[in-house]
Amino acid sequence: MADETKTKLVEQIKQQGDLVRKLKAEKTNSVQIADEVAKLLALKAQLGDDNNVGQKLILKTPKGTRDYNPEQMALRLGVLEKIVAIFKRHGAETIDTPIFELKDVLTGKYGEDSKLIYDLKDQGGEILALRYDLTVPFARYLAMNKISNIKRYHIAKVYRRDNPAMTKGRYREFYQCDFDIAGQYDPMLPDVECLRIIYEALTSLDLGPFLMKINHRCILDGIFETCGVPKAQFRSICSAVDKLDKSPWEEVRKEMVEEKNLDGAIADKIGSYVSLSGKIELVHQLRKDLELTKSSNAVQGLDAIETLLKYCDIYNISDYVKFDLSLARGLDYYTGVIYEAVLTGDDVGVGSIAGGGRYDNLVGMFDAKKKNVPCVGLSLGVERIFSVMESKLENKGQRTRTTEVEVYVAAAQKNLCDERMRILIELWEAGIKAEHSYKKNPKLLGQLQHCEENGIPLALIIGEGELQRGEVTFREVTTRVEKSVPRNQLVSEIRKWLENSRTNP
């Protein structure tokens, strides 16, 4: 690189660095700071390798991402296995979509959160972006394939240029775990099943006490209409209300008045509504509000919530459900019932653990004929679930087993590697999960310690004496109880032992 060009780049880097420091000092929007930092890094990259000679490479994952070790992955897969079993119990099938979409597919679907979409450089004539969630790609999939009825689940990574909070399970790269019902059905029947699925998932994972908050977008629109919010500001004010789960009313009111230019008296009137929560009695209370019930939107929403609460009672989840007018869910595509689940234990601070709602118009946004496919769905916050479960295990001093090996083939003496391998192939071909040492002549104590450290329940020990008698020695690793088993009955005896251990853990 020419010295003159290099000098100019160094000056640009200095100016950009000053800008980043100024934005941080002024506590500017984190997304804007991230953009300016990205520009700074790009300028530094232009200096090339000459500028990095002698510098030590810092090994780290990108901000808002993490590696998962075997123990964490074992916990993760165990959680997902339970969740998938629940989805399948309710009749769902699965699909997959690309990790990136045409940017136009994602644009205009998320309201104010659209600024968090990760753009990709144009590498082949298409303007692309990483998927922000699994719902918009699902709607695109339905429209593209002319599908009007499906019950599907989808578990995959999504990306948000958000300000991460790793300890609270908020990342820039994370898994979503979605279940959706698409199709024209009678009111609230698919919706209440989504609530039931959230209940089953959180109960099966034993995360502690939880509550499912419900509301309806039509009720919120009715409240905004009644309070005098201009219709063009409905979604913007809804996004402000959505912050009530993280911020006090005073801060939300300030945003409405100072940032979104809403009249203070209107904001106060909204505040009197969004402070209300309850069950069916709140529906009855709102029906007596003559000003609110002039809104057809509000009446439609109250009818839906009343039906939903009735169905919740039939599905035995009423004790876990609360009608909460502060629940807004900021994404623009919601059109009907909305819900969120939160953990209510004293030691939990991860925010909502699941959420979702009805989005009847999203598919029509991708259809030239504007053909809508009514949809309702849920998303389980699996990253937050993992954070809670990891914390619980750590507090109890417990570890998660990282392999599923059932049998370890051990040798008591030297020169028995070939015999170990003959037993292994017999076990593998019988579908039994087994392993042995990759040393030809390992010490028996080391082999047994490996079983104890890795939670392998059964060790098969062979020695010269066992070979002469046509036997192997079974050793229960936890109890250290041993017994002799005929070599020709090896597989059947292992299966009996495994079945008995599953029945009587």
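**View 1. Tyr153 is buried, at 9% relative accessibility.** Buried here means under 20% relative accessible area, with exposed over 50% and partly exposed in between (1.4 Å probe, protein chains only). A quick note before going on: this is a predicted model, where local features need pLDDT of at least 70, side-chain atom pairs count only at pLDDT 80 or more, and totals for chains, interfaces and linings use all residues. Residues are numbered from 1 along each chain as its sequence is written, and side-chain values use heavy atoms, leaving out hydrogens and water.

**View 2. The structure holds 10 aromatic pairs, and here is one of them, Phe87 with Tyr153.** Rings of Phe, Tyr and Trp (its six-membered ring) pair if their centres lie within 6.5 Å; planes under 30 degrees apart are stacked, over 60 edge-to-face, and the rest tilted. This one is tilted, with 5.6 Å centre to centre and 40° between the planes. Phe87 belongs to helix α3 (residues 70-89) and Tyr153 to strand β5 (residues 150-159), so the pair joins distant parts of the chain, 66 residues apart. Helices (H or I, at least four residues) and strands (E, at least two) are DSSP runs, numbered from the N terminus. Phe87 is buried too, with a relative accessible area of 0%.

**View 3. Tyr199 and Phe210 make another tilted pair.** Their ring centres are 6.2 Å apart and their planes are at 50°. Tyr199 comes from helix α6 (residues 189-204) and Phe210 from strand β7 (residues 210-216), so this pair ties together parts 11 residues apart in sequence. Both Tyr199 and Phe210 are buried.

**View 4. Two arginines sit over rings.** The rule: NZ of Lys or CZ of Arg is within 6 Å of the ring centre and within 35 degrees of the ring normal. Arg76 has its charged end over Tyr68, 3.9 Å from the ring centre, while Arg152 lies over the face of Phe138 at 4.1 Å.

**View 5. Phe224 is among the residues with the most contacts inside the largest nonpolar core.** Such a core is a set of buried Ala, Val, Leu, Ile, Met, Phe, Trp, Tyr and Cys residues joined through side-chain atoms within 4.5 Å. Leaving aside neighbours within four places in sequence, Phe224 is in contact (heavy atoms within 4.5 Å) with residues including Val229, Phe234 and Ile270.
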